[in-house]
Structure formats: C-alpha cells, structure tokens
Amino acid sequence: MARVHTAKAAKDYPEYGIKKGDTYFWWQLYKQPKQMSLVRPRPSQLTGSAKLSAAYAAQEAAEDAVASSGSTEDVINALQQAAEDARSVAEEYEESASNIRETFSESSTADECEEKAEALNDWADELEQAVEEIESLDRKDFEEGDEGDEEFANAAREIAEAAIGNLSI
C-alpha cells in the first residue's frame, strides 16, 4: 500500500482542485504518477492490486451506504451487495491461485491468493450473518414512535458497521 503524505500547496493544481496554500494529501504507487487530493485517500486508492482495490472498494461502499442509510432495508441491501462483491473478488483470487498452481505446484503466491480468497469468503459470511441478525431484530423490542424507529435503525447500523469493519486481508 502506498504511503500518504501531507503538503501545503506552493501553487495551484487545478486538475486536483487544489489551490495555493491548501493542505493536501499525496501518494504514489510503484511506477505510477503522483496522486493528489484535498481529502485523505481511501484504502482502495492506495493499492496497485486491482483485486485488493475491489475488495476495499466493496468495504468502503458498504460503509458509505450504511452511514447514509434511511432505513434498515438500505442497510441490508448494502450488506448484501458487499457480500456479493467480496465473493466475486474471492473467485478472482481463487482463479489466480489455480492458474499459478498449473505452472508452479508449490507457490507462496498461490498460497497467498488462496488465503485472501478464504478471508474474503469469511467476511462475506459475516456480512450475511449480520443481515440475518438485522432481519431478526423485533421492532417491538424498541420504544413506540419516532424515538423507537431511531433506536431500531441505530441497532441495525451498529450490527452492520461491526461486520463491515471485520475485513482483514
């Protein structure tokens, strides 16, 4: 993953929306041009691996969707989409491991791909369990009215955020 630096702009960088005097973030991937942004880059922007970037992007999209969710249905949809995306990336890792094993029977790279695929599948399972847990929440266990609706939605968000945060690859 690329290291993130901060700097104060000595000139304007209009292609990045940075004006002279702004504090900005910059990073550079191996053999890639320097990237700049006014906001801290997300993990999906800091890796040169397309598969790893897709996994981080699934996590980030789920975090964003849950944070801006208006209902428990939105939270459930975000978790289901993240699980689907994670399984898709896991398949890519499994395919890579299989292709490597065809040429090199003993390969640490293939082992690493299989470990990442397993971690992504485990995370997808956690997300699906969180969906089941949210669906099993009983609205009657919360207060009546708007305050109870808010508590119910917050409980669903907390379950989702805990599951989303457990990606470890």
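Tyr-56 counts as buried, because its relative accessibility is 12% and the cut-off for buried is under 20%. This residue is found in helix 1. The model described here is a predicted one.

**Surroundings of Tyr-56**

- Leaving aside residues up to four places away in sequence, Tyr-56 touches Met-1, Pro-43, Ser-44, Thr-47, Leu-167 and Ile-169.
- One of these partners, Leu-167, is 111 residues from Tyr-56 along the chain, and the two C-alpha atoms are separated by 8.5 Å.

**Overall build**

- The protein has 4 helices and 3 strands.
- Read from the N terminus, the order of the elements is β-β-β-α-α-α-α.
- The protein is more spread out than a compact globule, because its radius of gyration is 20 Å, well over the 15 Å that the globule rule gives for 169 residues.
- Along the principal axes, the C-alpha atoms fill a box of roughly 55 × 55 × 20 Å.
- Of the 169 residues, 37% count as buried, and Tyr-56 is one of the buried residues.
- Among contacts with a separation of 6 or more, 45% are between residues 24 or more positions apart.
- The accessible surface is about 10,300 Å², and carbon and sulfur atoms account for 44% of this area.

**Two loops between strands**

- Gly-21 is in the loop that runs between strand 1 (5-8) and strand 2 (23-27).
- Gly-21 counts as partly exposed, because its relative accessibility is 35%, which falls between the 20% limit for buried and the 50% limit for exposed.
- Not counting residues up to four places away in sequence, Gly-21 touches Lys-8 and Ala-9.
- Gly-21 and Ala-9 are 12 residues apart along the chain, with their C-alpha atoms separated by 5.0 Å.
- Lys-31 is in the loop between strand 2 and strand 3 (35-37).
- Lys-31 counts as exposed, because its relative accessibility is 69% and the cut-off for exposed is over 50%.
- Most residues other than glycine have a negative phi.

**Charges and salt bridges**

- The protein has 16 positive and 39 negative side chains, and the centres of the two sets lie 16 Å apart.
- Side chains of opposite charge can pair when their charged atoms come close.
- How many salt bridges does a search of the whole structure find? The search finds 7 salt bridges.

*Arg-42 and Asp-64*

- Arg-42 forms a salt bridge with Asp-64, and their closest N and O atoms are 2.8 Å apart.
- Arg-42 lies in the loop between strand 3 and helix 1 (50-67), whereas Asp-64 lies in helix 1, so the pair ties together parts that are 22 residues apart in sequence.
- Arg-42 is partly exposed at 30% relative accessibility, and Asp-64 is partly exposed with a relative accessible area of 38%.

*Glu-128 and Arg-87*

- In the salt bridge between Glu-128 and Arg-87, the closest N and O atoms are 2.9 Å apart.
- Glu-128 belongs to helix 3 (residues 108-136) and Arg-87 to helix 2 (residues 72-103), so this pair ties together parts that are 41 residues apart in sequence.
- Glu-128 is partly exposed with a relative accessible area of 33%, and Arg-87 is partly exposed with a relative accessible area of 25%.

*Asp-111 and Arg-101*

- Asp-111 forms a salt bridge with Arg-101, with the closest N and O atoms 2.2 Å apart.
- Asp-111 lies in helix 3 and Arg-101 in helix 2, so the pair ties together parts that are 10 residues apart in sequence.
- Asp-111 counts as partly exposed at 33% relative accessibility, and Arg-101 counts as partly exposed at 25%.

*A network*

- Salt bridges that share partners join Arg-42, Glu-63 and Asp-64 into one network.

Notes:
Residues are numbered from 1 along each chain as its sequence is written. This is a predicted model: local features need pLDDT of at least 70, side-chain atom pairs count only at pLDDT 80 or more; totals for chains, interfaces and linings use all residues. Side-chain values use heavy atoms; hydrogens and water are left out. The radius of gyration is taken over C-alpha atoms; the globule rule is 2.2 Å times the number of residues to the power 0.38. Buried means under 20% relative accessible area, exposed over 50%, partly exposed in between (1.4 Å probe, protein chains only). Contact means heavy atoms within 4.5 Å. Accessible areas come from the Shrake-Rupley method with a 1.4 Å probe; for residues, only the protein chains shown count as cover. Lys and Arg count as positive and Asp and Glu as negative; His and the chain ends are not counted. The place of a charge is taken as NZ of Lys, CZ of Arg, CG of Asp or CD of Glu. A salt bridge is a side-chain nitrogen of Lys or Arg within 4 Å of a carboxyl oxygen of Asp or Glu.
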